[in-house]
Amino acid sequence: MNFSPSLHFKTYLLIFVMVIFGPLGNVLLGRGMKRIGAVGVATPPEALNFLSRILTSGTIWLGIGSLAIFFLANMLVLSWADYSYVQPASSVAYGMSALLAHFLLHEVITPMRWMGVLLICLGVLVVGHTPPRTTGPG
Amino acid sequence: MIIFIFYLLIIGAGTGGELCVSRAMKELGEVKDFRPAALVGVIIRALRVPWMWAGLSLMATAFFSLLAVLSRQNVSLVVPVTALSYGAGALGGKFLLGEQVTSRRWAGVLMVCIGVAVVLMGRGN
């Protein structure tokens, strides 16, 4: 046995943080980028223009902040848990993203798309019943 | 076509970046102290690991690709499509990090991929 109940608790807690802040970050980025609109990035001036519009958007910065919290939680949990465990387990975030996109951004989500999101979440449940670590510590 | 390239970058560079970060954090060892000062110490030590810098560069590439796609398409389409990185992640975990990906994990990853396909087929706008 190479994992304890406390290791499980820490893992679930940090995955919970990832599930909240990852989708929130994506939705905020989505809102910010929709306001900026489709910008070409083929030439250096276009790319610079794109970058400057991103860096002056408050919504984008809020999104970056949320994703920074997500990234920190992700980094910490990866210090002990397998990548192939953490990545699918955190995919509940996909359901959360769809919910937030629907309620905050008023995006139209077809029943089939909801079904796809549900399948993604079911895949997560299957993965969640595997041990967090399969390699030795350190 | 440009959207396709951006998706490839999100999935490829994003997964590669996370694998590098995972490798860097494994070199650091399990984090047991969660006090803010200790966490700052962890971040500083992590930044001394070359794999972390490789990971951050790849993840930055994926991040800007994500922004470019989000300026053109809805969050409810873009985010599920990026779940295709799960297949790439399981392969990378197995072959690059030596993790044992069990048949049950593979089944879960497969379901996630089927879910993404259904999301794409359900594109109604």
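## Helix α2 of chain A

Helix α2(A) is hardly covered: of its 12 residues, the count that is buried is one. This comes from a predicted model.

The helix runs over residues 44–55 of chain A. At 1.5 Å a residue, its 12 residues should span 16 Å.

## The contact between chains A and B

Chain A puts 50 residues into the contact, and chain B puts in 49 residues. On the chain A side, five helices are each a source of at least two residues: α1 (5–36), α3 (58–77), α4 (83–89), α5 (92–104) and α6 (111–128).

Helix α6(A) makes the largest contribution to this side, with 12 residues. By class, the side of chain A that touches chain B holds 30 nonpolar residues, 17 polar and three charged.

## A helix pair in chain B

Within chain B, helix α1 (residues 2–28) meets helix α3 (residues 50–70). Their axes come within 7 Å. The crossing angle is roughly 155°. An angle over 145 degrees counts as roughly antiparallel, and α1(B) and α3(B) are therefore roughly antiparallel to each other.

The crossing of α1(B) and α3(B) is left-handed. The residues of this helix contact comprise 18 nonpolar, six polar and three charged.

Key:
Residues are numbered from 1 along each chain as its sequence is written. Chains are lettered from A and ligands numbered from 1 in the order in which they are written. This is a predicted model: local features need pLDDT of at least 70, side-chain atom pairs count only at pLDDT 80 or more; totals for chains, interfaces and linings use all residues. Axes are lines fitted to C-alpha atoms, for helices over the stretch in contact, and angles run from 0 to 180 degrees between N-to-C directions. Helices (H or I, at least four residues) and strands (E, at least two) are DSSP runs, numbered from the N terminus. Angles under 35 degrees count as roughly parallel, over 145 as roughly antiparallel, 65 to 115 as roughly perpendicular and the rest as oblique. A crossing is left-handed if the near helix is turned anticlockwise from the far one by less than a right angle, and right-handed if clockwise. Ala, Val, Leu, Ile, Met, Phe, Trp, Tyr, Cys and Pro count as nonpolar, Asp, Glu, Lys and Arg as charged, and the others, Gly among them, as polar. Two residues are in contact if their C-beta atoms, placed from the backbone, lie within 7 Å. The expected span of a helix is 1.5 Å times one less than its number of residues. A residue is buried if 20 or more other C-beta atoms lie within 10 Å of its own, exposed if 12 or fewer, and partly exposed in between; C-beta atoms are placed from the backbone.
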